[in-house]
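Dear colleague, please find below a short note on the protein under review. It is written for a reader who is new to protein structure.

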Amino acid sequence: MKKPYEELRSARWFAPDDLRSFGHRSRALQMGYDHADWQGKPVVAIVNTWSDINQCHSHFKQRVEEVKRGVLQAGGFPIELPAISLSEPFVKPTTMLYRNLLAIETEELLRSHPVDGAVLMGGCDKTTPGLLMGAISMGIPCIYLPAGPMLRGNWKGNVLGSGSDSWKYWDERRAGNISQAEWEEIEGGIARSAGTCMVMGTAATMMGIAEALGTTLPGASSIPAVDANHQRMATQCGRRIVDMVWEDLTPAKLFTRKHFENAITVAMAEGCSTNAIIHLVAMSRRAGPECEITLDDFDRFSRKVPVIANVRPSGDKYLMEDFYYAGGMRGLMSRLRDGGLLHLDAMTVNGRTIGENLEGAAVYNDDVIRPLSNPIYNEGALAVLKGNLAPDGCVIKPSACSPELLKHTGPALVFDDYPALKKATDDPDLDVTKDHVLILRNAGPQGGPGMPEWGMVPIPTKLVKQGVRDMMRISDARMSGTSYGACVLHVSPEAYIGGNLALVQTGDTITVDVPARSIHLHVSDEELARRRAAWKQPPKRFERGYGVMFSRHIMQADKGCDFDYLETSYGGPTDEPAI
Ligand code: FES
Ligand code: MG
């Protein structure tokens, strides 16, 4: 059933015979458009997170033209709306501080302008959840255009992976095994094209999740950014969104709990970034109470879904380019379908179900996308631990940590902030052994602030020189999806607001037991109460500006770090603007 033109939002701006609409039309004419450009047509916003300093989205200037071509072909009126870009390496102190700002911006851009549907262009880590969270809350039809991964890195014929290999070779450099000249060669070889990090970091994980949620065209999430297939996909997005407007295929009609369960399943099979938990929880809560997922859901799925994407950092060899050639996300999902792990009746943006979209999907390389019977890791990518050190939970990625550390007891070595940690790392006299548990605190949502990716606490240089490459580490920070190691993250509640993590002292004994899903500080409740009475909150992080709003409203990691007032349940629906 095609929606009548008069019922489109944009018609309220353009159609009436009144003075306001005269203003809208005359101003559109001022830009060189003609009545024929909009009359009887859906207006499609293209929310573009391009910027001159976002390396992952540097192809978006061209892609936006390709989307526009599709919109025009299908009889729509495309308008580009730029949104904050959130380049992972350049935005400080952390892009996580601004994910919710992008979500707000997306929602309000769409609400305040005369638009009927949107193509959302993102990919670099926080842009996928930011754009989707905002679009879900706004509620008009939208389709996600993932930036796609960059090409494989290359150094002297060795494949280089984003992040993972920088950490790895940096350790070798610190150990004195790599020269300055070689280091500069690595610098020039590790990122060779437009597109997101090409390991299974947060970007690839979240783009895959967007596809599992049904918000992208089938197969879209794994196409390399600079592949001509990516250009065609962009144009297809433009064509499809116009039909979605006529069909009124809104997020509310699309999303069910099944979509989010599919997303968790795919996240696990991908060997997902730990950040996926926070973003997916936040997205699900935006989609309404019936869609809401929790840390316990992740743990439940992690026990039944194996990691089958042999892509670094969980895998040992391959990158996203290999994953694409091996069949990509459709290939991976076809394996999950065959194992009965997906809800096949979940609807997607192309108007077909996940099951229908997977018809004909295949895997072309069983080593890159493993059969369920030969996974790279038997259980899922993530484990949720609870205990007196993290009553509301914390997260570890067992597939990326040394097996002997999965069960570990050792003495704590505590750092109250990042500068203290940084200083100690290179101290040759630091009193530390490989059995210590390194703790970084006051690095959570409020304490960080913004929960920076400090969770892969560096191994002290002294130990690196002795050959130590992994240790048990615990923090209320996040870690980059490209990182690896025995890093317990997202401890909730965080230290800054007085979680028990704030009460740990150097020398206390801590046990992390991943198979038992527990984390325990061996200090009595009475002693903890004594320490709590003496505890003082660190100084305020912000006195003015966006940071004040952030500090007042940010929720803890187990709730997805959304602002409380952006949650669907916060109050009544937002009014449409009066025209
Ligand atoms: Fe953009 Fe990694 S820096 S995805
Ligand atoms: Mg990252």
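The numbered points below go from the whole chain to its parts.

1. Overall form. The structure is a predicted model. Its protein chain has 21 helices and 14 strands. The radius of gyration is 24 Å, close to the 25 Å that the globule rule gives for 579 residues, so the chain is as compact as a globular protein of that length. Along the principal axes, the C-alpha atoms fill a box of roughly 75 × 55 × 50 Å.

2. Of the 579 residues in the protein chain, 56% are buried. Among contacts with a separation of 6 or more, 79% are between residues 24 or more positions apart.

3. Annotated regions. An unreviewed UniProt entry carries the annotation "domain: Dihydroxy-acid/6-phosphogluconate dehydratase N-terminal" for residues 41-357. Over residues 41-357 the chain is 48% helix and 9% strand, and the end C-alpha atoms lie 28 Å apart. The annotation "domain: Dihydroxy-acid/6-phosphogluconate dehydratase C-terminal", also from an unreviewed entry in UniProt, is listed for residues 367-561. Over residues 367-561 the chain is 16% helix and 23% strand, with 36 Å between the end C-alpha atoms.

4. The nonpolar core. The largest nonpolar core holds 177 residues, of which Val44, Ala118, Val119, Leu120 and Leu280 touch the most other members. Helix H10 (residues 228-247) gives the most to this core, with eight residues. In soluble globular proteins, nonpolar side chains tend to be buried together. Leaving aside residues up to four places away in sequence, Leu280 touches Ile209, Phe260, Ala263, Ile264, Ala267 and Ile293.

5. A four-strand sheet. In which order do the strands of the open sheet of four lie? The order is S2-S1-S3-S4, and the pairing is parallel. Strand S2 (77-82) and strand S4 (142-146) stand at the edges, each with a single partner strand, so one side of each has no neighbour in the sheet. From one strand to the next, the twist averages 20 degrees. Strand S3 (residues 117-122) pairs with S4 in the parallel sense over five bridges, and Gly122 stands opposite Pro146 in S4. Helix H6 (residues 127-138) packs on the sheet, where it touches strand S1 (43-48), S3 and S4. The direction of H6 makes about 165 degrees with that of S3.

6. Helix H16. Is helix H16 (residues 328-338) largely enclosed or left open by the rest of the structure? Eight of its eleven residues are buried, so H16 is largely enclosed. The buried residues are Gly328, Met329, Arg330, Gly331, Leu332, Met333, Arg335 and Leu336. What covers them includes helix H9 (202-212), helix H12 (257-270) and helix H15 (320-325). H16 is followed by Gly340, whose phi is positive, near 70 degrees.

7. Strand S10 and its neighbours. Strand S10 (residues 437-440) has Val437 and Ile439 pointing one way and Leu438 and Leu440 the other way, and all are buried. Strand S9 (residues 407-415) pairs with S10 in the parallel sense over four bridges, and Val414 stands opposite Ile439. S10 also pairs with strand S11 (residues 472-475), in the parallel sense and over four bridges. Between these two strands, Val437 stands opposite Met472, and the bridge partner of Leu440 is Ser475.

8. Strand S11 and strand S12. In S11, Met472 and Ile474 point one way, while Arg473 and Ser475 point the other way, and all are buried. Two bridges join S11 to strand S12 (residues 487-492), and the two run parallel. Arg473 stands opposite Cys487 in S12.

9. Thr461. Thr461 is in helix H19 (residues 461-465). Is Thr461 buried or partly exposed? Thr461 has 17 other C-beta atoms within 10 Å, and is therefore partly exposed; a buried residue would need 20 or more. Not counting residues up to four places away in sequence, Thr461 touches Arg174, Thr425 and Asp426. Thr461 and Asp427 are 34 residues apart in sequence, and their C-alpha atoms are 7.5 Å apart in space.

Definitions and conventions:
Residues numbered from 1 in each chain as written. Chains lettered and ligands numbered in written order. Predicted model: local features only at pLDDT ≥ 70, side-chain atom pairs only at ≥ 80, totals over all residues. Buried ≥ 20, exposed ≤ 12 C-beta atoms within 10 Å, placed from the backbone. Pairing = 2+ DSSP bridges. Contact = placed C-beta atoms within 7 Å. UniProt positions renumbered as here; feature names shortened; annotations may be inferred. Axes fitted to C-alpha atoms, helices over the stretch in contact; angles between N-to-C directions. Rg over C-alpha atoms; globule rule 2.2 N^0.38 Å. Core = buried A, V, L, I, M, F, W, Y, C linked by C-beta atoms within 7 Å.
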